[in-house]
Amino acid sequence: MGELDATVHARLASIVGDTNVLTAAAETEPYLIDWRGSFRGRARAVVRPGNTAEVAAVVRFCADVGTPVVPQGGNTGLCGGATPDATGDEIVLALGRMNRVRDIDPANATITVEAGMPLATVQEHAAAAGLYFPLSLASEGSCTIGGNLSTNAGGTAVLRFGNARDLTLGLEIVLADGRVWNGLRGLRKDNTGYDLKQLFIGAEGTLGIATAAVLKLFPVPRTQVTALVALASVNAAVALLGRLQSALSDRLTGFELVSGVALALSRKLDPALPAPMPGHAWYVLVQVDDSAQDSPIATLLETTVATAVEAGVVLDATIAHSAAQAARLWALRENISEAQRREGPNIKHDISLAVSSIPAFLEECNAALLAAFPRARLIIFGHLGDGNLHYNLSAPEDHSAVDFLDNATAVNRIVYDRVAHHGGSFSAEHGIGQLKRDELLRYKSDVELDLMRAIKRALDPRGLFNPGKVL
Ligand SMILES: Cc1cc2nc3c(=O)[nH]c(=O)nc-3n(C[C@H](O)[C@H](O)[C@H](O)COP(=O)(O)OP(=O)(O)OC[C@H]3O[C@@H](n4cnc5c(N)ncnc54)[C@H](O)[C@@H]3O)c2cc1C
């Protein structure tokens, strides 16, 4: 350890305690590589504060010595936002010890939690209070609420409840100079000037460190129905979405598109999963929830789907008759990312478009990609109800998957140019991190980039919060 490192280590240890400043390679390793294994960095230390005062003291000290700070929650982000750079000059600020409930207010339907609490634990605390926190991601056992807010996470219930931004009423933030902004207000109406919390949500740790949040809770869904529907085209899926929304309104909580290819891949990973209606080009997993105990949503769903079958919109459908059957249908959808990972490297896109533009986008983009890469496998699935697709390419089965990745830039250009042409976004829910910075420069307007840089300069003038990420 150099002299500077020894001084820094001693000062950090005086703030958070010696055991919470990690420098040994075996201890720091999990914090220095991202979930996908795509980004690896080095760090002067991994620092694990236990409360907001410690975060503020660490940030103040880092500002004094000019040490950059990389906040990290569960390290499940998919864009390298929580991975330090290669210099070894940065510290990783790991928030995982800050995992307490500060307050739960059933009458106001809010919970106040610290930023390092895993998402699944927030859900459990809400349930214990007889309420429901609807944010749900496949990574919920590991990802933290601080990471969820900082990436403005989406997940499977955005259609009904919105993304992390829509679920947040208040925030506590440690600013770049070490001051603490206490914005932990559980208000659903508050028009007292700029809505500051919105700046920090989705900022990926580049503007401040989130230390706590006030989150909205909802009535527990007491009636839940899950169905898998087979369709011939994405056009038909969009038509079905309209029919279900008009019949069920906001009781339609999930509408997940899965291509036949993606479904087959999911069953390859777990052949024990059901294959109720094999051989169709497209499927939609439909989730309908109601807080009323004896809600007629199952009948409403069945009638709407039956009418859609008669109209030629739907080819076939199956409804889960137990929670276990519903979980197995959901596993078909949730398995796809892991199944794709097992198939080897692939080129992924997390895009969003107006739902109405998706059929035309897919027709054009599929044709352009298959013209350029005739044997590539398109793995298409995602939150169609939110206009968000995971639009991925795997190598042909007999092709070296690693060589295939050499095509990533050309593939990305085909996909993102068409997304832009249709007025969509090249990053719907995973953020920018270090993975998509060049795309940000390419696809954001000069005005948008100027505004983003002005906000960064105002809140972090020395650029010490998560440098090299987003901007
Ligand atoms: C299997 C799997 C499925 C996933 N599914 C989804 C999905 O459906 N929808 C979705 O949106 N995402 C999904 N993700 C991505 C990921 O889980 C989310 O981005 C999640 O919100 C990240 O939380 P985290 O605590 O792991 O954050 P990290 O990965 O630790 O950090 C993410 C970013 O937030 C910053 N950050 C973390 N904590 C703080 C803090 N307290 N203050 C300031 N900045 C902070 C980091 O610096 C980094 O830039 C998935 C990931 C996996 C592995």
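The model is predicted: local features need pLDDT of at least 70, side-chain atom pairs count only at pLDDT 80 or more, and totals for chains, interfaces and linings use all residues. Residues are numbered from 1 along each chain as its sequence is written, and side-chain values use heavy atoms, leaving out hydrogens and water.

Start with helix 13, residues 358–372. Helices here are DSSP runs (H or I, at least four residues), numbered from the N terminus. Helix 13 packs on helix 15 (residues 408–421) at an angle of about 160°, with the axes 10 Å apart. Axes are lines fitted to C-alpha atoms over the stretch in contact, and angles run from 0 to 180 degrees between N-to-C directions. That makes helix 13 roughly antiparallel to helix 15, a term for angles over 145 degrees. Their crossing is right-handed (the near helix is turned clockwise from the far one by less than a right angle). Contact means heavy atoms within 4.5 Å. Helix 13 brings Phe-361, Glu-364, Cys-365, Ala-368, Leu-369 and Ala-372 to the contact, and helix 15 brings Val-411, Ile-414, Val-415, Arg-418, Val-419 and His-421. These residues divide into nine nonpolar, one polar and two charged. Ala, Val, Leu, Ile, Met, Phe, Trp, Tyr, Cys and Pro count as nonpolar, Asp, Glu, Lys and Arg as charged, and the others, Gly among them, as polar.

Helix 13 also meets helix 8 (residues 234–248). Their axes come within 9 Å and cross at roughly 165°. The two helices are therefore roughly antiparallel. This crossing is right-handed. Val-234, Asn-235 and Val-238 of helix 8 touch Ile-358, Pro-359 and Leu-362 of helix 13. The contact has five nonpolar residues, one polar and no charged.

A pocket is an open set of points on a 1 Å grid over the protein atoms alone, with protein on both sides within 12 Å along at least five of seven lines; lining residues have an atom within 4 Å of a point. A volume is the space filled by probe spheres set on the points. This pocket is lined by 35 residues, with Gly-202, Ile-432, Leu-440, Lys-444 and Met-452 nearest its centre. Helix 17 gives the largest share, five residues. The lining has 17 nonpolar, 11 polar and seven charged residues.

A cavity is a set of points where a 1.4 Å probe fits but cannot get out. One cavity of 30 Å³ or more is counted. The largest cavity holds about 40 Å³. Its lining includes Ser-150, Ile-173 and Phe-200. By class, that lining has six nonpolar, three polar and no charged residues.

How values were computed
Parallel < 35°, antiparallel > 145°, perpendicular 65-115°, else oblique.
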